[in-house]
Amino acid sequence: MTTSIDTATLRQLDQSHHLHPFTDFGNYARDGGRIISRAEHIYIYDSDGNAMLDGMSGLWCCNLGYSQKAIVEAVYHQMQELPYYNNFFRCSNQPAVELASQLARLSPADFNHVFFTNSGSEANDTNIRLVHRYYDLLGKPEKKQIISRKNAYHGSTIAASSLGGMQAMHDQAIGLDYVHHINQPHWFELGGDRSPDEFGIAVARELETKIDELGEERVAAFIAEPIQGAGGVIIPPDTYWPEVQRICDERDILLIADEVICGFGRTGTWWGSETYGIRPHLMTFAKAITNGYMPLGGVLVSDTLSDVLLGSGGEFTHGLTYSGHPASCAAGLATLGILEETGIIDSAARDIAPHFQRRLREFIDHPIVGEVRGRGMFAAVELVRDKGSRERLAAKSAGAVYCRDQANNNGLMVRQTGDAMITAPPLVCSIEEIDILADKLGQALDATASHYG
Ligand code: PLP
(Lines give C-alpha, C1' and ligand atoms only; values in the text may rest on other atoms or scores of the structure.)
Protein backbone atom coordinates (compact mmCIF):
# COMPACT_ATOMS: atom_id res chain seq x y z
CA MET A 1 0.00 0.00 0.00
CA THR A 2 1.51 3.36 -0.95
CA THR A 3 1.28 6.10 1.65
CA SER A 4 0.31 9.56 0.54
CA ILE A 5 3.20 11.91 -0.30
CA ASP A 6 2.65 15.63 -0.77
CA THR A 7 2.79 17.02 -4.31
CA ALA A 8 5.96 19.09 -3.88
CA THR A 9 7.89 16.06 -2.60
CA LEU A 10 6.51 13.84 -5.36
CA ARG A 11 7.55 16.33 -8.04
CA GLN A 12 11.00 16.65 -6.56
CA LEU A 13 11.47 12.86 -6.28
CA ASP A 14 10.16 12.45 -9.81
CA GLN A 15 12.70 14.90 -11.17
CA SER A 16 15.49 13.30 -9.17
CA HIS A 17 14.86 9.67 -10.06
CA HIS A 18 12.31 9.08 -12.78
CA LEU A 19 13.57 9.04 -16.37
CA HIS A 20 10.45 9.80 -18.40
CA PRO A 21 9.50 8.32 -21.76
CA PHE A 22 8.91 10.81 -24.63
CA THR A 23 9.51 13.90 -22.49
CA ASP A 24 11.57 16.97 -23.39
CA PHE A 25 14.07 17.00 -20.54
CA GLY A 26 14.79 20.72 -20.96
CA ASN A 27 11.14 21.65 -20.54
CA TYR A 28 10.78 19.17 -17.73
CA ALA A 29 13.74 20.63 -15.81
CA ARG A 30 12.29 24.11 -16.28
CA ASP A 31 8.58 23.51 -15.69
CA GLY A 32 8.50 20.32 -13.60
CA GLY A 33 5.97 17.55 -14.01
CA ARG A 34 2.34 16.87 -13.32
CA ILE A 35 1.40 14.04 -10.99
CA ILE A 36 -1.84 12.36 -12.01
CA SER A 37 -3.37 10.97 -8.88
CA ARG A 38 -6.78 9.63 -9.79
CA ALA A 39 -9.30 9.31 -12.61
CA GLU A 40 -13.03 8.89 -13.00
CA HIS A 41 -15.20 8.38 -16.10
CA ILE A 42 -13.44 10.57 -18.69
CA TYR A 43 -11.68 12.90 -16.25
CA ILE A 44 -8.18 12.72 -14.84
CA TYR A 45 -7.21 14.62 -11.68
CA ASP A 46 -3.76 15.84 -10.74
CA SER A 47 -2.40 15.90 -7.22
CA ASP A 48 -3.32 19.60 -6.93
CA GLY A 49 -6.95 18.60 -7.50
CA ASN A 50 -7.22 20.02 -11.04
CA ALA A 51 -9.61 18.09 -13.28
CA MET A 52 -8.92 17.54 -16.98
CA LEU A 53 -11.25 16.10 -19.59
CA ASP A 54 -9.16 13.38 -21.18
CA GLY A 55 -9.46 14.04 -24.89
CA MET A 56 -6.78 11.39 -25.59
CA SER A 57 -8.21 8.33 -23.75
CA GLY A 58 -4.91 8.10 -21.88
CA LEU A 59 -2.56 7.15 -24.72
CA TRP A 60 -5.39 6.11 -27.07
CA CYS A 61 -6.18 3.16 -24.80
CA CYS A 62 -8.89 3.96 -22.21
CA ASN A 63 -11.68 3.76 -24.78
CA LEU A 64 -14.17 2.99 -22.00
CA GLY A 65 -12.89 5.65 -19.62
CA TYR A 66 -11.58 5.17 -16.12
CA SER A 67 -14.49 3.75 -14.12
CA GLN A 68 -14.88 0.22 -15.45
CA LYS A 69 -15.16 -1.72 -12.19
CA ALA A 70 -15.74 -5.06 -13.94
CA ILE A 71 -12.20 -4.94 -15.35
CA VAL A 72 -10.70 -4.06 -11.97
CA GLU A 73 -12.64 -6.86 -10.30
CA ALA A 74 -11.68 -9.40 -12.96
CA VAL A 75 -8.00 -8.60 -12.38
CA TYR A 76 -8.39 -8.74 -8.59
CA HIS A 77 -10.15 -12.08 -8.79
CA GLN A 78 -7.56 -13.52 -11.17
CA MET A 79 -4.67 -12.34 -8.98
CA GLN A 80 -6.15 -14.31 -6.10
CA GLU A 81 -6.67 -17.43 -8.18
CA LEU A 82 -3.49 -17.53 -10.26
CA PRO A 83 -1.38 -14.35 -10.14
CA TYR A 84 1.20 -15.73 -12.54
CA TYR A 85 2.23 -18.63 -14.59
CA ASN A 86 3.87 -18.71 -18.01
CA ASN A 87 2.72 -20.21 -21.29
CA PHE A 88 6.02 -21.74 -22.36
CA PHE A 89 6.58 -25.48 -22.82
CA ARG A 90 2.92 -26.44 -23.44
CA CYS A 91 1.50 -24.72 -20.31
CA SER A 92 -1.49 -22.42 -20.51
CA ASN A 93 -4.05 -20.67 -18.30
CA GLN A 94 -7.78 -20.19 -18.61
CA PRO A 95 -7.89 -16.40 -19.18
CA ALA A 96 -5.27 -16.68 -21.97
CA VAL A 97 -7.14 -19.56 -23.61
CA GLU A 98 -10.48 -17.77 -23.37
CA LEU A 99 -9.12 -14.46 -24.59
CA ALA A 100 -7.38 -16.05 -27.57
CA SER A 101 -10.60 -17.78 -28.61
CA GLN A 102 -12.73 -14.65 -28.10
CA LEU A 103 -10.33 -12.61 -30.21
CA ALA A 104 -10.43 -15.27 -32.90
CA ARG A 105 -14.25 -15.08 -32.83
CA LEU A 106 -14.24 -11.27 -33.08
CA SER A 107 -11.71 -11.00 -35.89
CA PRO A 108 -12.05 -11.86 -39.61
CA ALA A 109 -12.88 -15.53 -40.25
CA ASP A 110 -9.39 -16.54 -41.36
CA PHE A 111 -7.84 -15.35 -38.08
CA ASN A 112 -7.78 -18.20 -35.58
CA HIS A 113 -4.59 -17.82 -33.53
CA VAL A 114 -3.17 -15.25 -31.14
CA PHE A 115 0.38 -14.66 -29.91
CA PHE A 116 0.37 -12.58 -26.70
CA THR A 117 2.91 -9.93 -25.74
CA ASN A 118 2.94 -7.14 -23.15
CA SER A 119 2.82 -4.24 -25.57
CA GLY A 120 2.28 -3.10 -29.11
CA SER A 121 6.02 -2.67 -29.64
CA GLU A 122 6.71 -6.29 -28.72
CA ALA A 123 3.81 -7.37 -30.88
CA ASN A 124 5.35 -5.65 -33.90
CA ASP A 125 8.71 -7.25 -33.10
CA THR A 126 6.80 -10.52 -33.04
CA ASN A 127 5.37 -9.75 -36.48
CA ILE A 128 8.87 -9.56 -37.91
CA ARG A 129 9.83 -12.86 -36.27
CA LEU A 130 6.62 -14.50 -37.55
CA VAL A 131 7.01 -13.25 -41.11
CA HIS A 132 10.66 -14.28 -41.31
CA ARG A 133 9.93 -17.70 -39.83
CA TYR A 134 7.01 -18.18 -42.24
CA TYR A 135 9.13 -17.57 -45.32
CA ASP A 136 11.97 -19.68 -43.95
CA LEU A 137 9.54 -22.56 -43.51
CA LEU A 138 8.24 -22.04 -47.03
CA GLY A 139 11.80 -22.37 -48.32
CA LYS A 140 12.03 -18.69 -49.29
CA PRO A 141 14.67 -17.46 -46.84
CA GLU A 142 15.56 -14.53 -49.10
CA LYS A 143 12.14 -12.96 -48.44
CA LYS A 144 13.11 -10.76 -45.45
CA GLN A 145 12.62 -7.12 -46.50
CA ILE A 146 9.77 -5.20 -44.89
CA ILE A 147 8.20 -2.02 -46.19
CA SER A 148 6.66 0.55 -43.88
CA ARG A 149 5.78 4.24 -44.10
CA LYS A 150 7.45 7.49 -43.17
CA ASN A 151 6.05 9.11 -40.04
CA ALA A 152 4.51 5.80 -38.91
CA TYR A 153 4.63 4.85 -35.23
CA HIS A 154 4.87 1.12 -34.51
CA GLY A 155 6.53 1.24 -31.07
CA SER A 156 9.79 1.95 -29.31
CA THR A 157 11.86 -1.23 -29.23
CA ILE A 158 14.69 -1.33 -31.74
CA ALA A 159 12.68 -3.37 -34.23
CA ALA A 160 9.41 -1.48 -33.73
CA SER A 161 11.10 1.91 -33.97
CA SER A 162 12.80 0.72 -37.16
CA LEU A 163 9.40 -0.21 -38.55
CA GLY A 164 8.21 3.23 -37.54
CA GLY A 165 9.10 6.14 -39.74
CA MET A 166 9.51 8.98 -37.27
CA GLN A 167 12.64 10.89 -38.13
CA ALA A 168 13.30 12.01 -34.55
CA MET A 169 13.40 8.36 -33.47
CA HIS A 170 15.60 7.28 -36.37
CA ASP A 171 17.99 10.09 -35.41
CA GLN A 172 18.57 8.33 -32.09
CA ALA A 173 18.54 4.65 -33.06
CA ILE A 174 20.15 2.71 -35.87
CA GLY A 175 17.38 1.22 -37.95
CA LEU A 176 17.31 -2.38 -39.17
CA ASP A 177 18.70 -2.64 -42.68
CA TYR A 178 15.83 -4.77 -43.94
CA VAL A 179 13.17 -2.14 -43.22
CA HIS A 180 12.31 0.45 -45.90
CA HIS A 181 9.93 3.39 -45.88
CA ILE A 182 7.60 4.91 -48.45
CA ASN A 183 5.46 8.04 -48.14
CA GLN A 184 2.37 8.21 -45.96
CA PRO A 185 -1.07 8.97 -47.45
CA HIS A 186 -1.06 12.48 -45.92
CA TRP A 187 -2.88 14.55 -48.52
CA PHE A 188 -2.69 17.88 -46.66
CA GLU A 189 1.08 17.58 -46.29
CA LEU A 190 2.05 15.92 -49.55
CA GLY A 191 -0.91 16.07 -51.92
CA GLY A 192 -0.13 19.46 -53.46
CA ASP A 193 -2.50 20.24 -56.34
CA ARG A 194 -3.65 16.66 -56.81
CA SER A 195 -7.14 15.62 -55.72
CA PRO A 196 -7.17 13.34 -52.64
CA ASP A 197 -8.16 10.39 -54.87
CA GLU A 198 -5.34 10.98 -57.36
CA PHE A 199 -2.89 11.38 -54.53
CA GLY A 200 -4.19 8.22 -52.82
CA ILE A 201 -3.46 6.11 -55.90
CA ALA A 202 -0.06 7.71 -56.47
CA VAL A 203 1.13 7.24 -52.91
CA ALA A 204 -0.14 3.64 -52.81
CA ARG A 205 1.83 2.91 -55.98
CA GLU A 206 5.01 3.91 -54.18
CA LEU A 207 4.65 0.48 -52.60
CA GLU A 208 4.80 -1.15 -56.03
CA THR A 209 7.82 0.95 -56.97
CA LYS A 210 9.60 -0.01 -53.75
CA ILE A 211 8.82 -3.70 -54.31
CA ASP A 212 10.31 -3.46 -57.81
CA GLU A 213 13.36 -1.66 -56.46
CA LEU A 214 14.00 -4.28 -53.76
CA GLY A 215 12.92 -7.28 -55.87
CA GLU A 216 9.61 -9.02 -55.23
CA GLU A 217 11.37 -12.24 -54.27
CA ARG A 218 13.06 -10.39 -51.37
CA VAL A 219 10.05 -8.49 -49.98
CA ALA A 220 8.18 -10.19 -47.14
CA ALA A 221 5.61 -7.73 -45.89
CA PHE A 222 4.09 -4.28 -45.81
CA ILE A 223 3.04 -2.89 -42.41
CA ALA A 224 0.68 0.02 -41.87
CA GLU A 225 -2.02 1.33 -39.55
CA PRO A 226 -5.43 1.58 -41.24
CA ILE A 227 -5.40 5.19 -40.02
CA GLN A 228 -2.01 6.44 -38.92
CA GLY A 229 -2.66 7.66 -35.35
CA ALA A 230 0.38 9.07 -33.58
CA GLY A 231 1.66 10.40 -36.91
CA GLY A 232 -1.27 12.81 -36.90
CA VAL A 233 -4.54 10.93 -37.49
CA ILE A 234 -3.74 10.60 -41.18
CA ILE A 235 -7.01 9.69 -42.90
CA PRO A 236 -6.11 7.92 -46.14
CA PRO A 237 -7.92 9.01 -49.32
CA ASP A 238 -10.66 6.52 -50.34
CA THR A 239 -8.51 5.24 -53.19
CA TYR A 240 -5.52 4.38 -51.02
CA TRP A 241 -6.33 1.08 -49.32
CA PRO A 242 -7.95 -0.67 -52.31
CA GLU A 243 -4.80 0.06 -54.33
CA VAL A 244 -2.48 -1.14 -51.54
CA GLN A 245 -4.57 -4.29 -51.22
CA ARG A 246 -4.34 -4.92 -54.97
CA ILE A 247 -0.57 -4.55 -54.89
CA CYS A 248 -0.10 -6.87 -51.88
CA ASP A 249 -2.39 -9.48 -53.48
CA GLU A 250 -0.70 -9.36 -56.87
CA ARG A 251 2.86 -9.26 -55.59
CA ASP A 252 2.69 -11.99 -52.92
CA ILE A 253 3.42 -9.58 -50.07
CA LEU A 254 2.06 -10.18 -46.56
CA LEU A 255 -0.02 -7.32 -45.21
CA ILE A 256 0.33 -6.42 -41.53
CA ALA A 257 -2.37 -4.13 -40.14
CA ASP A 258 -1.21 -2.41 -36.98
CA GLU A 259 -4.51 -2.12 -35.10
CA VAL A 260 -2.96 -0.90 -31.84
CA ILE A 261 -4.91 2.36 -32.00
CA CYS A 262 -7.59 1.54 -34.59
CA GLY A 263 -8.70 -1.73 -32.98
CA PHE A 264 -11.60 -2.07 -30.56
CA GLY A 265 -13.87 0.63 -31.88
CA ARG A 266 -11.78 3.74 -32.48
CA THR A 267 -12.72 4.01 -36.17
CA GLY A 268 -16.38 3.02 -35.66
CA THR A 269 -16.07 -0.75 -36.14
CA TRP A 270 -14.14 -3.43 -34.22
CA TRP A 271 -11.12 -3.12 -36.48
CA GLY A 272 -9.73 -0.36 -38.67
CA SER A 273 -9.27 -3.10 -41.29
CA GLU A 274 -13.02 -3.65 -41.24
CA THR A 275 -13.68 0.09 -41.68
CA TYR A 276 -11.45 0.17 -44.77
CA GLY A 277 -12.19 -3.30 -46.18
CA ILE A 278 -8.55 -4.35 -45.74
CA ARG A 279 -7.67 -8.06 -45.77
CA PRO A 280 -4.50 -8.37 -43.69
CA HIS A 281 -2.51 -11.50 -42.85
CA LEU A 282 -1.46 -10.27 -39.39
CA MET A 283 -3.08 -7.78 -37.04
CA THR A 284 -1.23 -6.10 -34.17
CA PHE A 285 -3.30 -5.20 -31.10
CA ALA A 286 -2.61 -3.68 -27.66
CA LYS A 287 -3.88 -0.64 -25.73
CA ALA A 288 -7.71 -0.82 -25.66
CA ILE A 289 -7.74 -4.63 -25.40
CA THR A 290 -7.58 -4.11 -21.60
CA ASN A 291 -8.96 -0.57 -21.78
CA GLY A 292 -5.40 0.37 -20.86
CA TYR A 293 -5.78 -0.99 -17.32
CA MET A 294 -3.20 -3.79 -17.70
CA PRO A 295 -0.25 -4.20 -20.08
CA LEU A 296 -1.20 -6.53 -22.92
CA GLY A 297 -0.56 -6.72 -26.63
CA GLY A 298 -0.36 -9.36 -29.26
CA VAL A 299 -0.65 -10.48 -32.83
CA LEU A 300 -3.69 -12.00 -34.44
CA VAL A 301 -2.35 -14.55 -36.91
CA SER A 302 -4.30 -15.62 -39.99
CA ASP A 303 -4.46 -19.23 -41.15
CA THR A 304 -2.06 -18.43 -43.99
CA LEU A 305 0.74 -18.16 -41.45
CA SER A 306 -0.49 -20.34 -38.60
CA ASP A 307 -1.04 -23.36 -40.89
CA VAL A 308 2.61 -23.19 -41.94
CA LEU A 309 3.97 -22.50 -38.45
CA LEU A 310 1.95 -25.20 -36.73
CA GLY A 311 2.33 -27.62 -39.61
CA SER A 312 6.10 -27.42 -39.39
CA GLY A 313 6.10 -29.22 -36.08
CA GLY A 314 9.19 -27.27 -35.07
CA GLU A 315 9.57 -24.59 -32.43
CA PHE A 316 8.96 -20.85 -32.87
CA THR A 317 11.89 -19.65 -30.77
CA HIS A 318 10.16 -16.56 -29.46
CA GLY A 319 8.42 -15.78 -26.18
CA LEU A 320 8.09 -13.35 -23.29
CA THR A 321 7.94 -14.17 -19.60
CA TYR A 322 4.55 -12.47 -19.44
CA SER A 323 3.10 -13.68 -22.78
CA GLY A 324 -0.53 -14.44 -21.92
CA HIS A 325 -0.24 -13.18 -18.33
CA PRO A 326 -3.38 -14.41 -16.56
CA ALA A 327 -4.25 -11.08 -14.93
CA SER A 328 -3.76 -9.11 -18.15
CA CYS A 329 -5.83 -11.63 -20.08
CA ALA A 330 -8.54 -11.45 -17.41
CA ALA A 331 -8.60 -7.67 -17.96
CA GLY A 332 -8.85 -8.28 -21.71
CA LEU A 333 -11.75 -10.68 -21.30
CA ALA A 334 -13.63 -8.26 -19.05
CA THR A 335 -13.03 -5.45 -21.55
CA LEU A 336 -14.34 -7.52 -24.47
CA GLY A 337 -17.32 -8.44 -22.30
CA ILE A 338 -18.18 -4.76 -21.75
CA LEU A 339 -17.67 -3.89 -25.43
CA GLU A 340 -20.03 -6.66 -26.50
CA GLU A 341 -22.65 -6.38 -23.75
CA THR A 342 -23.04 -2.61 -24.01
CA GLY A 343 -22.79 -2.44 -27.81
CA ILE A 344 -20.72 0.70 -27.24
CA ILE A 345 -18.78 0.41 -30.50
CA ASP A 346 -22.00 0.65 -32.51
CA SER A 347 -23.68 3.21 -30.29
CA ALA A 348 -20.62 5.49 -30.19
CA ALA A 349 -20.34 5.24 -33.99
CA ARG A 350 -24.04 6.00 -34.38
CA ASP A 351 -24.72 8.59 -31.66
CA ILE A 352 -21.46 10.21 -30.54
CA ALA A 353 -18.87 10.11 -33.33
CA PRO A 354 -21.01 12.04 -35.88
CA HIS A 355 -21.51 14.83 -33.34
CA PHE A 356 -17.80 14.80 -32.47
CA GLN A 357 -16.81 15.00 -36.14
CA ARG A 358 -19.41 17.69 -36.85
CA ARG A 359 -18.28 19.87 -33.96
CA LEU A 360 -14.61 19.63 -34.93
CA ARG A 361 -15.31 20.24 -38.63
CA GLU A 362 -16.86 23.59 -37.66
CA PHE A 363 -13.28 24.72 -36.97
CA ILE A 364 -12.54 24.74 -40.69
CA ASP A 365 -13.82 28.33 -40.68
CA HIS A 366 -11.38 29.32 -37.95
CA PRO A 367 -8.66 31.70 -39.22
CA ILE A 368 -5.76 29.42 -38.23
CA VAL A 369 -7.24 26.07 -39.31
CA GLY A 370 -6.23 24.59 -42.68
CA GLU A 371 -7.79 21.14 -42.46
CA VAL A 372 -9.96 19.12 -40.13
CA ARG A 373 -9.86 15.37 -40.67
CA GLY A 374 -11.14 12.45 -38.68
CA ARG A 375 -13.05 9.23 -38.60
CA GLY A 376 -15.02 7.65 -35.76
CA MET A 377 -13.63 8.83 -32.47
CA PHE A 378 -10.42 10.48 -33.50
CA ALA A 379 -9.54 13.61 -35.37
CA ALA A 380 -6.87 16.15 -36.19
CA VAL A 381 -7.05 19.91 -36.66
CA GLU A 382 -4.21 21.23 -38.80
CA LEU A 383 -2.95 24.73 -37.94
CA VAL A 384 -1.83 27.17 -40.66
CA ARG A 385 -0.95 30.82 -41.15
CA ASP A 386 -2.25 30.82 -44.70
CA LYS A 387 -5.05 28.48 -45.75
CA GLY A 388 -4.34 28.73 -49.49
CA SER A 389 -0.62 27.98 -49.43
CA ARG A 390 -0.89 25.78 -46.31
CA GLU A 391 1.97 27.78 -44.78
CA ARG A 392 2.45 26.66 -41.20
CA LEU A 393 1.47 28.88 -38.30
CA ALA A 394 4.96 29.00 -36.81
CA ALA A 395 8.30 27.28 -37.26
CA LYS A 396 9.05 23.97 -35.53
CA SER A 397 5.37 23.32 -34.77
CA ALA A 398 5.47 26.07 -32.11
CA GLY A 399 1.89 27.12 -32.91
CA ALA A 400 0.47 23.67 -32.20
CA VAL A 401 2.60 23.33 -29.06
CA TYR A 402 1.24 26.66 -27.84
CA CYS A 403 -2.33 25.60 -28.66
CA ARG A 404 -1.91 22.29 -26.84
CA ASP A 405 -0.57 24.06 -23.75
CA GLN A 406 -3.52 26.46 -23.82
CA ALA A 407 -5.93 23.51 -23.94
CA ASN A 408 -4.07 21.57 -21.24
CA ASN A 409 -4.00 24.59 -18.93
CA ASN A 410 -7.72 25.02 -19.50
CA GLY A 411 -8.60 21.49 -18.41
CA LEU A 412 -8.51 19.62 -21.73
CA MET A 413 -5.97 16.88 -22.44
CA VAL A 414 -5.24 16.91 -26.17
CA ARG A 415 -2.04 16.28 -28.05
CA GLN A 416 0.03 18.04 -30.67
CA THR A 417 1.68 16.14 -33.49
CA GLY A 418 3.64 18.29 -35.92
CA ASP A 419 1.34 21.21 -36.66
CA ALA A 420 -1.85 19.35 -35.85
CA MET A 421 -3.97 19.20 -32.73
CA ILE A 422 -5.01 15.63 -32.05
CA THR A 423 -7.94 14.34 -30.07
CA ALA A 424 -9.21 10.78 -29.49
CA PRO A 425 -11.75 10.89 -26.65
CA PRO A 426 -13.19 7.83 -24.92
CA LEU A 427 -16.12 6.14 -26.66
CA VAL A 428 -18.14 6.59 -23.47
CA CYS A 429 -18.28 10.40 -23.85
CA SER A 430 -21.74 11.94 -23.86
CA ILE A 431 -22.87 14.55 -26.40
CA GLU A 432 -22.51 17.20 -23.68
CA GLU A 433 -18.95 16.09 -22.96
CA ILE A 434 -18.08 16.28 -26.65
CA ASP A 435 -19.43 19.84 -26.58
CA ILE A 436 -17.18 20.69 -23.63
CA LEU A 437 -14.20 19.20 -25.49
CA ALA A 438 -14.97 21.15 -28.66
CA ASP A 439 -15.61 24.40 -26.76
CA LYS A 440 -12.30 24.11 -24.93
CA LEU A 441 -10.43 23.28 -28.13
CA GLY A 442 -12.08 26.31 -29.76
CA GLN A 443 -10.90 28.52 -26.88
CA ALA A 444 -7.36 27.19 -27.30
CA LEU A 445 -7.51 27.93 -31.06
CA ASP A 446 -8.74 31.49 -30.35
CA ALA A 447 -5.93 32.08 -27.85
CA THR A 448 -3.39 30.72 -30.35
CA ALA A 449 -4.76 32.90 -33.14
CA SER A 450 -4.45 36.04 -31.01
CA HIS A 451 -0.98 35.05 -29.82
CA TYR A 452 0.27 34.63 -33.40
CA GLY A 453 -2.03 37.29 -34.90
N1 PLP B 1 1.62 0.56 -32.85
C2 PLP B 1 0.90 1.69 -32.83
C3 PLP B 1 0.05 2.01 -34.01
C4 PLP B 1 0.93 2.54 -31.74
O5 PLP B 1 0.22 3.66 -31.73
C6 PLP B 1 1.72 2.17 -30.63
C7 PLP B 1 1.78 3.03 -29.45
O8 PLP B 1 1.31 4.15 -29.43
C9 PLP B 1 2.48 1.00 -30.70
C10 PLP B 1 2.39 0.20 -31.82
C11 PLP B 1 3.36 0.59 -29.58
O12 PLP B 1 2.60 0.13 -28.52
P13 PLP B 1 3.24 0.08 -27.05
O14 PLP B 1 3.41 1.50 -26.61
O15 PLP B 1 2.22 -0.68 -26.28
O16 PLP B 1 4.53 -0.64 -27.15
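## Pro95 in helix H5

Pro95 has its place in helix H5, which covers residues 94–106, and the structure in which it is seen here is a predicted model. Is Pro95 buried or exposed? Pro95 counts as buried because 24 C-beta neighbours lie inside 10 Å, where 20 or more are needed for that label.

Leaving aside its neighbours within four places in sequence, Pro95 is in contact with Gln78, Pro326, Cys329, Ala330 and Leu333. Leu254, by contrast, is 159 residues away from Pro95 along the chain, and the C-alpha atoms of these two residues are separated by 30 Å.

The domain assignment of the chain gives domain 1, made of residues 34–67 and 343–452, and domain 2, made of residues 70–342. The centres of domain 1 and domain 2, taken over C-alpha atoms, are separated by 26 Å. How many residues of domain 1 are in contact with domain 2? There are 30 such residues in domain 1, and they are in contact with 23 residues of domain 2.

On the side of domain 1 that touches domain 2, the elements giving two or more residues are helix H3 (57–60), helix H15 (344–361), strand S11 (369–375), strand S12 (378–386) and strand S16 (420–423). When the residues of this side of domain 1 are divided by kind, 17 are nonpolar, 8 are polar and 5 are charged.

## The largest nonpolar core

In soluble globular proteins, nonpolar side chains tend to be buried together. The largest nonpolar core of this model holds 125 residues, and of these Phe222, Ala331 and Met421 touch the most other members. Helix H14, residues 326–342, gives the most to this core, with 8 residues, and the core draws at least three residues from each of domain 1 and domain 2.

If neighbours within four places in sequence are left aside, Ala331 is in contact with Ile71, Ala74, Val75, Thr290, Tyr293, Met294 and Leu296. Met421 has its place in strand S16, and Met421 is buried because 29 other C-beta atoms lie within 10 Å. With the close sequence neighbours within four places again left aside, the contacts of Met421 include Ala380, Val381, Leu383, Ala400 and Cys403. The C-alpha atom of Met421 is separated by 28 Å from that of Asp14, a residue 407 places apart from Met421 along the chain.

## The strands around S12

Which strand does S16 pair with, and in which sense? S12 is joined to S16 by 4 bridges, and these two strands run antiparallel, with Val381 standing opposite Met421 in S16.

S12 is also joined to S11, by 6 bridges and again in an antiparallel sense, and Glu371 stands opposite Glu382 in S12. S11 and S12 form a hairpin with 2 residues between them, and Gly376 in the turn has a positive phi of about 55 degrees. A further partner of S12 is strand S13, residues 391–392, which pairs with S12 in the antiparallel sense over 2 bridges. Asp386 stands opposite Glu391 in S13, and the hairpin that S12 and S13 form has 4 residues between the strands, with Arg390 in the turn showing a positive phi of about 60 degrees.

## A four-stranded open sheet

An open sheet is formed by 4 strands in the order S1-S2-S3-S14, and the pairing within this sheet is mixed. Strand S1 (36–40) and strand S14 (412–413) stand at the edges with a single partner strand each, so one side of each is left without a neighbour in the sheet.

S1 and S2 pair in the antiparallel sense over 4 bridges, and Glu40 has Tyr43 in S2 as its bridge partner. The hairpin of S1 and S2 has 2 residues between the strands, and His41 in the turn has a positive phi of about 50 degrees. Strand S2 (residues 43–46) is joined to strand S3 (residues 51–54) by 3 bridges, and these strands run antiparallel; the partner of Tyr43 in S3 is Leu53. In the hairpin that S2 and S3 form there are 4 residues between them, and Gly49 in the turn has a positive phi of about 90 degrees.

## Around the ligand

Which residues come nearest to the ligand? Of the 16 residues around the ligand, these are Ser119, Gly120, Ser121, Gly155 and Val260. Helix H6, residues 120–137, gives the most to this shell, with 3 residues, and the residues of the shell divide into 6 nonpolar, 8 polar and 2 charged.

Methods. Residues are numbered from 1 along each chain as its sequence is written. This is a predicted model: local features need pLDDT of at least 70, side-chain atom pairs count only at pLDDT 80 or more; totals for chains, interfaces and linings use all residues. A residue is near a molecule or strand if its C-beta atom, placed from the backbone, lies within 6 Å of it. Ala, Val, Leu, Ile, Met, Phe, Trp, Tyr, Cys and Pro count as nonpolar, Asp, Glu, Lys and Arg as charged, and the others, Gly among them, as polar. A nonpolar core is a set of buried Ala, Val, Leu, Ile, Met, Phe, Trp, Tyr and Cys residues joined through C-beta atoms within 7 Å. A residue is buried if 20 or more other C-beta atoms lie within 10 Å of its own, exposed if 12 or fewer, and partly exposed in between; C-beta atoms are placed from the backbone. Domain bounds come from an automatic or database domain assignment. Two residues are in contact if their C-beta atoms, placed from the backbone, lie within 7 Å. Two strands pair if DSSP finds at least two bridges between them.
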